[in-house]
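Dear colleague,

I am handing over the structure below for your records.

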Amino acid sequence: MVEYDAVVVGAGIIGLATAYHIKKLRPQSRVLVIDKMNTAGQGNTAKSAAMFRCFFNSQTNLTLVDTTVEAFKHIQNQQGLDIKLRWTGYLWLFSKEQFRTLEPVLKSMAESNLEYNVYEAEELTKQLNLNTQVMVDEEARVMRLADVDKGIFIPKAGSVDIDLVVQFYEEEFKKLGGEIRYNTKAEKILVEPKEALEIPYEPFFWQESRVAGVKTNQGTIKAKKTIVAAGVWANTLLHQIGIYAPMVPIKRQLFSVKATATKLKQLLKTKGFNSENCMPFTILPKPAVYIKPALEEKAFWLSYGDHFPRAFKLEDDPQPEENFYRYGIYQVVSKYFPQFLGAHSDSYWAGQYALNTIDGQPVLFAENDLLVVGSCSGSGNMKCDAIGRIAAALYVGEKQANLYGGKKFMVSNLGMTSRKVEPEKLII
Ligand SMILES: Cc1cc2nc3c(=O)[nH]c(=O)nc-3n(C[C@H](O)[C@H](O)[C@H](O)COP(=O)(O)OP(=O)(O)OC[C@H]3O[C@@H](n4cnc5c(N)ncnc54)[C@H](O)[C@@H]3O)c2cc1C
């Protein structure tokens with residue numbers, strides 16, 4: 001039986017970026033990617049809002065995103081593949097109290113030379129017809145909303161066509177000689193003794209054992225290293241062999257509202273923030289409902305990342321909940337943006353975040369010839385290139401990964417044993 005140098009389970013954005021960077025670092029390695037679906041990026045990558053922002057409170061996240069966004073720019077500008085980068089910017093709205101707690105984040109951003117602009121409430125009303133004084137309204141008080149005091153605008157932020165980024169990594173990986181098999185589901189991780197005694201029931205606990213590949217619905221695949229990049233499904237495989245990656249699956253939903261009414265059209269085409277001449281991606285203060293300008297579709301995408309009492313429950317095909325829009329998102333958004341009054345959502349979908357509830361950051365570790373890469377906590381797309389490079393460095397046994405632009409990153413900082421990250425507070 002052929003033994004691959006590496007088998008990567010999962011052809012989502014993380015698995016593909018990892019496989020591609022492994023081939024870049026070790027062109028001679030024989031690398032196989034498998035996925036249970038019939039094509040690439042059909043897991044939670046496809047469900048995403050595909051936004052990116054160079055705005056996080058943790059230095060780690062800032063580095064992962066900033067270098068990935070630079071890699072996206074390179075793909076678009078130097079490699080000539082139009083991945084539809086749109087610099088809409090992020091407009092994050094804050095109440096007075098929230099803004100006070102944000103000051104250290106802004107200081108650290110300024111130190112990292114990351115640009116942002118502060119907008120006063122009056123300017124926001126003027127530019128966006130935003131209702132900043134919601135709390136005069138009794139319903140707003142019942143919903144415990146908050147008046148908007150300021151907005152932070154982050155210009156180095158926007159959207160990308162994530163299907164095209166997936167296509168980029170898949171094709172480049174294949175050009176380097178990488179192999180992919182779809183409709184191939186890993187059912188079990190294969191564990192073997194390092195030195196086989198050829199006796200039944202091996203390996204025994206007194207033997208040294210290692211991960212030797214995966215058992216799939218299409219047969220066994222042997223590999224020197226097995227890389228699990230299976231997103232929210234990773235623990236299904238890992239738990240079988242007593243390994244745990246800190247992540248829980250949590251449902252996230254997106255609702256599209258067409259900008260057909262005149263006021264919504266005007267809102268979508270708001271000028272003055274960005275070169276796209278559109279409303280920026282906007283996050284409300286409380287609850288942090290977000291609104292994406294979906295320019296290609298002349299629509300808005302709305303979402304909210306709810307927590308208690310939302311279940312942590314793995315679902316292959318999570319369903320959106322219409323009432324989540326009707327009695328939740330719609331009620332909140334139309335208080336801040338009355339332009340949405342009467343607006344229905346005509347299409348909606350749901351996916352899942354692989355949420356690291358401890359510090360909200362990705363996790364990468366290796367043990368017994370198994371590598372795990374995941375726990376992207378709702379921002380895996382915007383960090384994919386950096387995570388792929390760190391996973392590839394872990395694969396070749398380098399202590400430091402070379403991120404796009406030459407920035408170094410200690411691989412162990414995202415590991416489990418000597419993890420060194422600051423908890424992320426700006427998760428939406
Ligand atoms: C509603 C929503 C909005 C989001 N918005 C954003 C955003 O704006 N920006 C951003 O950066 N991120 C966003 N995210 C998060 C982002 O989508 C994820 O972080 C990212 O896609 C994770 O990629 P992945 O490759 O780890 O997982 P996935 O894309 O889920 O890939 C895992 C792959 O593994 C395969 N697989 C699983 N188990 C097996 C098995 N046993 N055998 C074979 N194959 C297997 C699956 O089929 C799948 O293709 C959003 C997520 C959701 C749900």
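Leaving aside its neighbours within four places in sequence, Ala391 is in contact with Thr18, Ile227, Leu364, Leu371 and Val373; two residues are in contact if their C-beta atoms, placed from the backbone, lie within 7 Å. Please note that this is a predicted model, in which local features need pLDDT of at least 70 and side-chain atom pairs count only at pLDDT 80 or more, while totals for chains, interfaces and linings use all residues. Residues are numbered from 1 along each chain as its sequence is written.

In soluble globular proteins, nonpolar side chains tend to be buried together.

Ile390 lies in helix H11. Ile390 is buried because 29 other C-beta atoms lie within 10 Å; the term requires 20 or more, with 12 or fewer counting as exposed and values in between as partly exposed. Not counting residues up to four places away in sequence, Ile390 touches Leu364, Ala401, Phe409, Val411 and Leu414. The C-alpha atoms of Ile390 and His21 are separated by 8.8 Å, although these residues are 369 residues apart along the chain.

The protein is divided into domain 1 (3-49 + 163-247 + 358-414) and domain 2 (90-154 + 248-355), with bounds from an automatic or database domain assignment. The contact between them takes 12 residues from domain 1 and 16 residues from domain 2. The C-alpha centres of the two domains lie 34 Å apart.

Finally, 39 residues surround the ligand, and the closest are Gly12, Gly43, Gly231, Gly351 and Gly380; a residue is near a molecule if its C-beta atom, placed from the backbone, lies within 6 Å of it. This shell draws at least three residues from each of domain 1 and domain 2. Helix H1 (13-25), helix H2 (44-47), strand S12 (248-258) and strand S16 (347-355) each supply at least two of its residues.

Key: Helix = DSSP H or I, 4+ residues; strand = E, 2+ residues; numbered from the N terminus.
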